[in-house]
Amino acid sequence: MTAPTLKLVNLKTHFFTREGVVKSVDGVDFEVKAGEVLGLVGESGSGKSVTGFSILGLIDPPGRIVDGQILYRGEDLTRATPERLRALRGKNIAMVFQDPMMTLNPVLRVDTQMIEAVRAHDDVDDAAARARALAALAQVGIPSPEARLRSYPHQFSGGMRQRVAIAIALLNRPDLIVADEPTTALDVTIQGQILFEMRKLCRDTGTALIWVTHDLAVVAGLADHIAVMYAGRIVEHGPTATILEQPRHPYTRGLIGSVPTRGHRGQALFQIPGMAPSPLRLPPGCAFQPRCDRASDQCATMPDLRDMAPDHHARCWHPVA
Ligand SMILES: Nc1ncnc2c1ncn2[C@@H]1O[C@H](COP(=O)(O)OP(=O)(O)O)[C@@H](O)[C@H]1O
Ligand SMILES: [Mg+2]
């Protein structure tokens, strides 16, 4: 058994706002092993980005990690100094943001940025850094990378710009990449293609990958495990095929029902009724109960994540059979 690259234990990240405490992440557990892809799926506002930012040590006031552990190869990052987190970021742990311009500097040529990113963490000369930049661009499927290196970010299409941001994440051969909806702005075919390539790279290099998305269809065929998030908690977790074929949480079932499949072409898609709850006014117990057709009085008490099968867990009193 290899130890996981990353293990979250009861992670809680809250924002102390004037309106009240927003419990954006409220007791999240999951792990990712070397070379594995975890799909972290949930509607907008469910706490996916805050989970990602917490891992990278990028939570600013009024937000704070209030409880739990973030174990990166056994080291608890919730106790790491800002210097340690800075050293890990970009080298051992990389993040790809939804907007590639969070990574890219608009006024610098791509080669300048990539060479700087390598040399910030490794004492290598310009030529070696340039060679690594070229290799990373080729890995993410950028044609004629030599010519592309001399371009500015605005000279790329949206898809290519995001590939450059992903190449920068790969530059220092991180052990862990958190990709936060990096392909949402792109066409679904291209999204799948980029994730497919990323998965291959991670398998080959032993990099663990967390792929955050609101769209289950994007990770359906490509993640090893899926964790479904709702209102700051994981409500279901398991191997991808199990989650897709035997979802036990009514919310997961709803998400799957709203994904178009070939067999259902032409039929109306199932919609989860109601809206995601306001984080300041969560109902007691299971946060999904107001929208759930299986809810009972028992649901006013928060269910634990319970074993449905080995390696398959759901947080529900009345799991779908
Ligand atoms: N800086 C902040 N201050 C207050 N609330 C925040 C802040 N950042 C995020 N939140 C809240 O945390 C919840 C989870 O947000 P987020 O992780 O961005 O969701 P997701 O990425 O799943 O769409 C949301 O209710 C959001 O409003
Ligand atoms: Mg987000």
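Select Arg109 and show what it touches, leaving out its neighbours within four places in sequence. Arg109 is in contact (heavy atoms within 4.5 Å) with Leu149, Arg150, Ser151 and Tyr152. This is a predicted model: local features need pLDDT of at least 70, side-chain atom pairs count only at pLDDT 80 or more, and totals for chains, interfaces and linings use all residues. Residues are numbered from 1 along each chain as its sequence is written, and side-chain values use heavy atoms, with hydrogens and water left out.

Stay on Arg109. Its place is the loop between strand 6 (93-96) and helix 3 (110-119). Helices (H or I, at least four residues) and strands (E, at least two) are DSSP runs, numbered from the N terminus.

The side chains of Arg109 and Asp111 make a polar contact at 2.8 Å. Such a contact is a pair of N or O atoms within 3.5 Å; within protein, one must be able to donate a hydrogen and the other to accept it, and residues adjacent in sequence count only if both atoms are side-chain atoms.

Move on to helix 6 (residues 158-170) and helix 7 (residues 188-205). Their axes come within 12 Å and cross at roughly 15°. Axes are lines fitted to C-alpha atoms, for helices over the stretch in contact, and angles run from 0 to 180 degrees between N-to-C directions.

Finally, show the side chains here. Helix 6 contributes Arg163, Ile166 and Leu170 to the contact. Helix 7 contributes Ile190, Gln193, Ile194, Glu197, Met198 and Leu201.

Definitions and conventions:
Chains lettered and ligands numbered in written order.
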